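Trainee: I am new to this structure. Can we walk through it together, one question at a time?

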Amino acid sequence: MEFDDDIRSCAALVHRADPDRFMAAMAAPVAARAVLFPLYALNVEVARAPWVTQESMIAEMRLQWWRDALQEIAEGPTVRRHEVVSPLSRVLSPHLAAQLDEYVAVRRWDIYRDPFEDEAHFDAYINHSAGTLMVVSAQALGAAEEQVLRDFGYATGVANWLRAIPELEARGRIPLLDGTREGVRALAQRGLDRLARARSARGEVSAQARPALYAGWQTEWALRKASDQPERVAAGTLAQGEIRRRFSLMRTAATGRW
């Protein structure tokens with residue numbers, strides 16, 4: 001794919017709203033960026049849909065709009081004209097578009113203030129949101145084993161979730177089943193275990209698909225900090241300094257080791 005105006009609009013949206021994924025996409029080869037930017041723009045739009053209104057019905061309708069758009073891509077041949085949907089229709093196979101339905105549907109949790117029911121509910125949320133985005137992003141680029149991607153996506157999702165705890169709590173949500181030091185440490189360790197399992201099967205991810213995993217370049221650092229110093233989660237200090245952040249991404253892109 002070439003960088004047309006729609007993809008440039010997607011890149012600008014990601015740059016404004018999700019600077020980490022923007023950096024990760026820019027570290028990828030140019031051809032991969034043309035695939036990643038529409039997917040990361042979708043992530044921006046879906047992630048913010050539940051938060052732009054206090055009216056739960058309107059938030060539900062916003063998420064349903066994206067489910068309908070993805071269904072159009074999956075079923076074809078007519079797809080609505082939209083600066084994100086249009087380029088998505090050119091990078092997604094019907095199968096991958098269909099997989100993204102669960103990715104949108106699970107964000108209904110963000111609309112309401114109910115806590116997660118149990119560990120299985122929380123894991124399903126992370127797996128269907130961060131995990132499915134990782135699967136689709138990588139498989140849109142090249143061959144990759146789904147379970148490896150789901151393990152890596154889960155680890156990355158937990159790391160990003162822990163970084164978001166202060167904001168989620170400020171918005172009145174109950175983001176953790178167990179917010180004690182022991183509970184935070186146990187969650188971070190689950191993420192580290194899934195990360196180790198994904199890395200043990202690196203060979204199942206092709207070189208073409210690998211740039212999608214750059215988005216998780218800070219995962220291990222954040223999970224280890226949360227495990228070693230759980231108080232950093234509530235304090236909102238799980239972000240790397242700018243120099244470390246840039247250097248670690250450069251190293252990931254140069255070595256291809258995620």
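Mentor: Let us start with helix H10. The model is predicted. Which residues are buried in H10?

Trainee: Buried means under 20% relative accessible area. In H10, that label goes to Thr-219, Trp-221, Ala-222, Leu-223, Ala-226 and Ser-227.

Mentor: What covers the buried residues of H10?

Trainee: The cover includes several helices. Among them are H8 (146-170), H9, H11 (231-235) and H12 (242-255).

Mentor: Now step back to the whole chain. How many helices and strands does the protein chain have?

Trainee: From the N terminus on, the elements run α-α-α-α-α-α-α-α-α-α-α-α. The secondary structure therefore comes to 12 helices and zero strands.

Mentor: Which radius of gyration does the protein chain have, and what would a compact globule have?

Trainee: The C-alpha trace spans about 50 × 45 × 30 Å along its principal axes. With 258 residues, a compact globule would have a radius of gyration near 18 Å. The protein chain agrees with that, at 17 Å.

Mentor: What share of the residues counts as buried?

Trainee: The protein chain has 258 residues. The accessible surface comes to about 11900 Å², with 51% of it belonging to carbon and sulfur atoms. The buried share of the residues is 51%.

Mentor: Take contacts between residues at least 6 apart in sequence. What percentage joins residues at least 24 apart?

Trainee: Contact means heavy atoms within 4.5 Å. Among those contacts in the protein chain, the share that joins residues at least 24 apart is 73%.

Mentor: How far apart do the centres of the positive and negative side chains lie?

Trainee: The protein chain has 33 positive side chains and 34 negative ones. The centres of the two sets lie apart by 7 Å.

Mentor: Which residues touch the most other members of the largest nonpolar core?

Trainee: That core holds 85 residues. Trp-161 is one of those that touch the most other members. Leaving aside neighbours within four places in sequence, Trp-161 is in contact with Trp-109, Phe-116, Phe-122, Tyr-125, Ile-126, Leu-168, Pro-175 and Leu-176. The residues asked for are Leu-92, Trp-161, Leu-162 and Leu-213.

Mentor: Glu-45 is in helix H3 (residues 30-48). Why does Glu-45 count as buried?

Trainee: Not counting residues up to four places away in sequence, Glu-45 touches Leu-13, Trp-66 and Val-84. The cut-off for buried is under 20%. Glu-45 counts as buried because its relative accessibility is 14%.

Mentor: Is Ser-206 buried or exposed?

Trainee: Ser-206 is found in the loop between H9 (181-199) and H10 (219-228). Gly-142 and Ala-143 are in contact with Ser-206, leaving aside its neighbours within four places in sequence. At 18% relative accessibility, Ser-206 counts as buried.

Mentor: Compare Asp-178, in the loop between H8 and H9.

Trainee: Pro-77 is found in the loop between H4 (56-75) and H5 (85-91). Most peptide bonds are trans. The bond from Gly-76 to Pro-77, with omega near -5°, is cis.

Methods
Residues are numbered from 1 along each chain as its sequence is written. This is a predicted model: local features need pLDDT of at least 70, side-chain atom pairs count only at pLDDT 80 or more; totals for chains, interfaces and linings use all residues. Side-chain values use heavy atoms; hydrogens and water are left out. Helices (H or I, at least four residues) and strands (E, at least two) are DSSP runs, numbered from the N terminus. The radius of gyration is taken over C-alpha atoms; the globule rule is 2.2 Å times the number of residues to the power 0.38. Buried means under 20% relative accessible area, exposed over 50%, partly exposed in between (1.4 Å probe, protein chains only). Accessible areas come from the Shrake-Rupley method with a 1.4 Å probe; for residues, only the protein chains shown count as cover. Lys and Arg count as positive and Asp and Glu as negative; His and the chain ends are not counted. The place of a charge is taken as NZ of Lys, CZ of Arg, CG of Asp or CD of Glu. A nonpolar core is a set of buried Ala, Val, Leu, Ile, Met, Phe, Trp, Tyr and Cys residues joined through side-chain atoms within 4.5 Å.
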